[in-house]
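This briefing takes up model confidence, the metal site and the sheet in turn. Please keep the sequence and the coordinates at hand while reading.

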Amino acid sequence: MLLGGKALYRAALAAALSAGVALGLGADFARAASEIKVGMGGAAYAPKAIKAKVGDTIAFTNDDFTDHWVYVPTLGYQVSRAGLKQGETFKLVVAKPGSFDVGCAVHANMWATVTVER
Amino acid sequence: MKARTAVLTTAAALAVAISLGVTVASAGPEKIEYPKGYQSKFVSFGQIDRYENATVRILYASPEAVTNYKLGQKLPDGTMLLIEARPAKKGADGKPLLDANGRFMPEDQILGVFVQQKRKGWATEYPENIRNPDWEYAVFDIDGTRRANVNTQPCMSCHKPRATDDYTFVFNRVMADSKNAADMKTMAGKKKM
Ligand SMILES: [Cu+2]
């Protein structure tokens, strides 16, 4: 049976829609996890407000002239990386949405916040 | 001659007594008693994943520390905070395995128990530049054996700059969140001492 008029239009529309959905989903699945770079110069995190998506990696690099110690006190996100020397990088993969504080165990005033979205 | 020996003996005994006395007075860590059964009696305030040495530190607080906690005030007298250190489970590549939330998973083995406790009048014997009023520090094996040879002064020096959080790195920050404090108070209420 040949399609004509409205029927053809509807079929074309449905095909386009499903292709669109497929593409959209595909794009979502394929979203490359990014690496977010955070510096520590002058005993201050830069940036101080860090935004990430689930699956991203936050790379804290000690680009300062003194040792640092990245630590997270927030319940559910608690981690610690002692003795981060000059030139070293601590990579943290964020797997859970929410937000948490990042401190330094050496410098009591060194803080940043990370917000993780889906 | 005899008198002289007696005097000397007395002096020696006195010296021993004094040095013993001094030792007893400065043996701060001994004031902390091992909290037997903490795993069931205490409230956990999280788990620190230590990336540099692939260990997990499970955090515990004595229940009164939680029930008597008041936002913006010093932690209650008698508060005991504890770290139970365990190795993290590792994969074939030697790297820590992660659960669905990206967290390390602790092994059954316990590497050590690190404690800080505060009581009125404690820690007065330490120099001002390291003392954490009124906190003492101690380290134990899981069977309760005290690691008597551990120098606890570095514990104080490193916790010292956290004065605004009453010398804690984690506990006060967890409790300052009203939802955490409420949840933990509920948990503490269910513990039997
Ligand atoms: Cu630092």
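This is a predicted model: local features need pLDDT of at least 70, side-chain atom pairs count only at pLDDT 80 or more; totals for chains, interfaces and linings use all residues.

Residues are numbered from 1 along each chain as its sequence is written, chains are lettered from A and ligands numbered from 1 in the order in which they are written, and side-chain values use heavy atoms, with hydrogens and water left out.

- Over residues 1–5 of chain A the pLDDT stays under 50, and the model has two contacts (heavy atoms within 4.5 Å) for them beyond four places in sequence.
- Residues 7–28 of chain A also have pLDDT below 50, with two contacts in the model beyond near neighbours in sequence.

**Copper site**
- A:His68 (ND1), A:Cys104 (SG), A:His107 (ND1) and A:Met110 (SD) coordinate the copper ion at 2.0 to 2.7 Å, donors being N, O and S atoms within 2.8 Å of the metal (3.2 Å for Na, K and Ca).
- Along the chain, the donors of the copper ion have the spacing H-x35-C-x2-H-x2-M.

- Strand β5 (residues 79–84) of chain A pairs in the parallel sense with strand β1 (residues 43–50) of chain B over two bridges, where pairing requires at least two DSSP bridges and strands are DSSP runs of E with at least two residues.
- A:Ser80 has B:Arg50 as its bridge partner in β1(B).

Notes
pLDDT is the predictor's confidence in each residue, from 0 to 100. Helices (H or I, at least four residues) and strands (E, at least two) are DSSP runs, numbered from the N terminus.
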